[in-house]
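Below are some notes for a colleague who is opening this model for the opening look. They go point by point.

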Amino acid sequence: MTEGKLFVISGPSGAGKGTICKRLLESDENIRLSVSMTTRQPREGEVESVDYFFVEREAFERLLQEGGLLEHNQYCENYYGTPRAQIVQWLREGYNIILEIDYHGAFQVRDSYPDCVLIFIMPPSIEELEARITGRGTESDEAKQKRLQEALGEIAQSDQYDYIVVNDDLDAAVERVREIMHKEEEYVISINQ
Ligand code: 5GP
């Protein structure tokens, strides 16, 4: 059986990468979405083990020390990381896996899996990004400002990615990412034959 492939999808908070990933998952049975672990508090509507594994700092640090995380990062005072075991198993089972993580994590994943594919979701403009971040309404002004700063730092790293997809139209952006995944998958199948 052909091993699955890792697709890392990054982009600033508010660029729409969560929605894009959700649409990709719904339309392809061979895709799995890695569920990250975080020490941040759940937002309203977020579900344990679906959106994240929400854990205490000690539990996160323990797993990190045991080598149980493929990558991790600290963002706005919270830890985020990708549990390794599920990824290894899914790849073996032939699934393509999407990791929705930031650029720090993306580059760590590339160190472990050099043939992973890095895709950056770009908001159409800084003004639009600002509107999307402040429009979310679930956080304080200070937290929003911090997210905006993080977003600008994230965009500065986009030239390190294999692909940049501008999300000015959701359907078109989903289609573009789907095309990239198919193209990269065909490449793997052809070199394995
Ligand atoms: P949020 O708090 O909005 O869910 O996520 C904040 C940031 O953390 C986003 O840029 C998101 O992509 C990133 N993130 C989520 N999960 C992970 C992870 O497992 N590892 C890393 N490195 N970043 C993550």
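Where is Ser 49 found?

1. Ser 49 is found in the loop between E3 and E4; helices (H or I, at least four residues) and strands (E, at least two) are DSSP runs, numbered from the N terminus. Ser 49 is not a glycine, yet has a positive phi of about 70°. Most residues other than glycine have a negative phi. The relative accessible area of Ser 49 is 36%, so this residue is partly exposed; buried means under 20%, exposed over 50%, and partly exposed in between (1.4 Å probe, protein chains only).

2. The model is predicted, with local features needing pLDDT of at least 70 and side-chain atom pairs counting only at pLDDT 80 or more, while totals for chains, interfaces and linings use all residues. Residues are numbered from 1 along each chain as its sequence is written, and side-chain values use heavy atoms, with hydrogens and water left out.

3. E3 (residues 37-38) pairs with E6 in the antiparallel sense over 2 bridges; two strands pair if DSSP finds at least two bridges between them. Thr 38 has Tyr 80 in E6 as its bridge partner. An open sheet of 4 strands, with mixed pairing, has the order E4-E3-E6-E5. Its edge strands, E4 (53-54) and E5, each pair on one side only.

4. How many of the residues of E8 are buried? The count is 6 of the 6, so E8 is largely enclosed by the rest of the structure. Val 117, Ile 119 and Ile 121 point one way from the strand, and Leu 118, Phe 120 and Met 122 point the other way.

5. E8 runs parallel to E1, joined by 4 bridges, and Ile 9 stands opposite Ile 119. E8 also pairs with E9 (residues 163-166), in the parallel sense and over 4 bridges. Here Ile 121 has Val 165 as its bridge partner in E9.

6. In helix H4 (residues 103-112), the buried residues are Tyr 103, Gly 105, Ala 106 and Val 109. Seen down the axis of H4, they fall within an arc of 155°, so they line one face of the helix; the arc is that of the directions from the helix axis to the C-beta atoms. These buried residues pack against E1 (6-10), E5, E7 (96-100), E8 (117-122) and H6, where contact means heavy atoms within 4.5 Å.

7. The largest pocket has a volume of about 1100 Å³. Of the 37 residues that line this pocket, Lys 17, Gly 18, Arg 43, Tyr 52 and Glu 100 are the closest to its centre. Two or more lining residues come from each of H1 (17-27), E5 (69-75), E6 (78-83) and H6 (141-155), and H1 gives the largest share, 6 residues. A pocket is an open set of points on a 1 Å grid over the protein atoms alone, where a 1.4 Å probe fits, with protein on both sides within 12 Å along at least five of seven lines; lining residues have an atom within 4 Å of a point.

8. The second largest pocket holds about 270 Å³ of space. Its lining has 15 residues, and Cys 76, Asn 78, Glu 139, Ala 143 and Arg 147 lie nearest its centre. E6 and H6 are the elements that give two or more residues to this lining, with the largest share, 4 residues, coming from H6.

Technical notes: Points joined across faces, edges and corners; volume = space filled by probe spheres on them.
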